[in-house]
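I opened my notebook for a quick look around this model. Here are my entries, in the order I made them.

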Amino acid sequence: MLGVPERYKIDKNFDIKTFLTGELTKQEKQKFKEDVKGITLTHQIIGEEIPSLINNDYNYQAILYFDIKVNDLKYSNFIGGILQKIVKPPAVLRFIDNKGNYLYCFALKRLSKIDSQEIVIDDIIFTQRSSLFFPDENATLFDRYLAFTKILNTGNKLTFYTEIITKAYLINYKHLWTGALRALDTNIFYDIEKMNEIRTLLKKIINLQNHLSKSITLAEKASLNSKIKSSFLRLNEIIAI
């Protein structure tokens, strides 16, 4: 998956019950069992080829790659939300339905300030669906820019994963910002602060546009349009620096 080297290959199948923790309600457990047909840990990036990062905020000692077979991709958000909370290390989830359609889920996690044994999800994204048999533009871009050998920031596993999720944002929202695809070929990925700001701005623009579509007064529309324009200007400044 995504060009992860053979040396990290695991291909371990998990019993679905492994993920049915006490945190889930009876209804959630039932829905999970009905929707999920199989969970396989395909790869596990461990060791110090890409340095681990362990401090008060993060415990990034491994990056896990899972294939999750589902009845329908429309259940991915529900399943991914559960799995990303249960799987403590950063994880790449690929959901695949019985027709060969798939999508990815990525989530940035940090340690809880209250309980260091628990994690908090700071950011999560589900990509648009593609086909294993008929690759579209998104599939081509993911293979080109998210492949193991194409990740530039190997400073540690946090920067490595942050680059993956940031590139996923840029590809997923390439029609939102005209500079998104151009950003993929810049050096912004060597700077984790720039990566974090780009994702924050893209989410802000989406939120502002949602509000704009519901706004009524001209004053409100003007204010929202001004904030959207400002956010796009900042995005363009980041990739120009």
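The entries below cover a strand, a helix and a loop residue.

**Entry 1: strand β5.** I kept in mind that this is a predicted model. I started with β5, residues 63-70, and asked how many of its residues are buried. The count came out as 7 of 8, so I noted the strand as mostly covered, taking buried as under 20% relative accessible area.

**Entry 2: the partners of β5.** Next I looked up the strand pairing. Strand β2 (residues 36-45) runs antiparallel to β5, and 8 bridges join the two. In that pairing I found V36 opposite V70. Strand β6 (residues 91-96) runs parallel to β5, with 6 bridges between them.

**Entry 3: helix α7.** I checked the span of α7, residues 218-240. At 1.5 Å a residue, its 23 residues should span 33 Å, and the end C-alpha atoms are 33 Å apart, so the two agree. Which residues of α7 are buried? I listed L224, I228, S231, F232, L235, I238 and I239. These buried residues pack against α5 (180-183) and α6 (192-214).

**Entry 4: T127.** I found T127 in the loop between β8 (119-126) and β9 (130-131). Is T127 buried or exposed? Its relative accessible area is 6%, so T127 is buried. A polar atom of the T127 side chain lies 2.9 Å from the backbone nitrogen of Y104. Leaving out residues up to four places away in sequence, T127 touches L103, Y104, F106, F142 and N172.

Note on methods. Residues numbered from 1 in each chain as written. Predicted model: local features only at pLDDT ≥ 70, side-chain atom pairs only at ≥ 80, totals over all residues. Heavy atoms only, no water. Buried < 20%, exposed > 50% of the residue type's maximum accessible area, 1.4 Å probe, protein only. Helix = DSSP H or I, 4+ residues; strand = E, 2+ residues; numbered from the N terminus. Pairing = 2+ DSSP bridges. Expected span 1.5 Å × (residues − 1). Contact = heavy atoms within 4.5 Å. Polar contact = N/O pair within 3.5 Å; in protein donor to acceptor, adjacent residues only side chain to side chain.
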